[in-house]
Amino acid sequence: MNKQDHDELLNQGLTQKEIDSLTQKGFTKEEMIQAKEYDKEIKKGSNFISWLVDLITWFLP
């Protein structure tokens, strides 16, 4: 991976540790970006579920 790809991954929000780990596992730059996006979507979903559970428990006596 060249310096430009590395900098792009850092700009996408990956940490140096994540980049090193995924590189050792054989991930390409595009796969790393997709993995980060997937992780963001999962976090959004779990935040929504948590909010929904809080709302339901607030309405129930």
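**Contacts, core and helices**

User: Leaving aside its neighbours within four places in sequence, which residues is His6 in contact with?

Analyst: This is a predicted model, in which local features need pLDDT of at least 70 and side-chain atom pairs count only at pLDDT 80 or more, while totals for chains, interfaces and linings use all residues. Residues are numbered from 1 along each chain as its sequence is written, and side-chain values use heavy atoms, with hydrogens and water left out. Contact means heavy atoms within 4.5 Å. With neighbours within four places in sequence set aside, His6 touches Met1, Gln16 and Ile19.

User: Is His6 buried or exposed?

Analyst: His6 is placed in helix 1; helices (H or I, at least four residues) and strands (E, at least two) are DSSP runs, numbered from the N terminus. Buried means under 20% relative accessible area, exposed over 50% and partly exposed in between, with a 1.4 Å probe and protein chains only. Because its relative accessibility is 19%, His6 counts as buried.

User: Which residues form the largest nonpolar core?

Analyst: A nonpolar core is a set of buried Ala, Val, Leu, Ile, Met, Phe, Trp, Tyr and Cys residues joined through side-chain atoms within 4.5 Å. The largest one has 6 residues: Leu9, Leu14, Ile19, Leu22, Met32 and Ile33.

User: Which elements give two or more residues to this core?

Analyst: The largest core includes Ile19, Leu22, Met32 and Ile33. The elements that each supply two or more of its residues are helix 2 (16-24) and helix 3 (29-59).

User: How is helix 1 oriented relative to helix 3?

Analyst: Axes are lines fitted to C-alpha atoms, for helices over the stretch in contact, and angles run from 0 to 180 degrees between N-to-C directions. Helix 1 (residues 3-11) packs against helix 3 at an angle of about 5°, with the axes 11 Å apart. Angles under 35 degrees count as roughly parallel, over 145 as roughly antiparallel, 65 to 115 as roughly perpendicular and the rest as oblique. The orientation of helix 1 to helix 3 is therefore roughly parallel.

User: Which residues of helix 3 make the contact with helix 1?

Analyst: On the side of helix 1, the contact is made by Asp5, Glu8 and Leu9. On the side of helix 3, it is made by Lys29, Met32 and Ile33.

User: What is the relative accessibility of Met32?

Analyst: Met32 is placed in helix 3, where Met32, Ile33 and Lys36 are buried. Leaving aside neighbours within four places in sequence, Met32 is in contact with Met1, Leu9, Leu14, Ile19, Leu22, Thr23 and Phe27. Met32 counts as buried because its relative accessibility is 0%.

User: What covers the buried residues of helix 3?

Analyst: The buried residues of helix 3 are Met32, Ile33 and Lys36. Their cover includes helix 1 and helix 2.

User: What distance does helix 3 reach from its first C-alpha to its last?

Analyst: The expected span of a helix is 1.5 Å times one less than its number of residues. Helix 3 has 31 residues, for which 45 Å is expected. Close to that value, its reach is 46 Å.

User: How far apart in space are Leu60 and Lys3?

Analyst: Leu60 is found in the segment after helix 3 and is exposed, with a relative accessible area of 53%. Leu60 and Lys3 are 57 residues apart in sequence, and their C-alpha to C-alpha distance is 55 Å.
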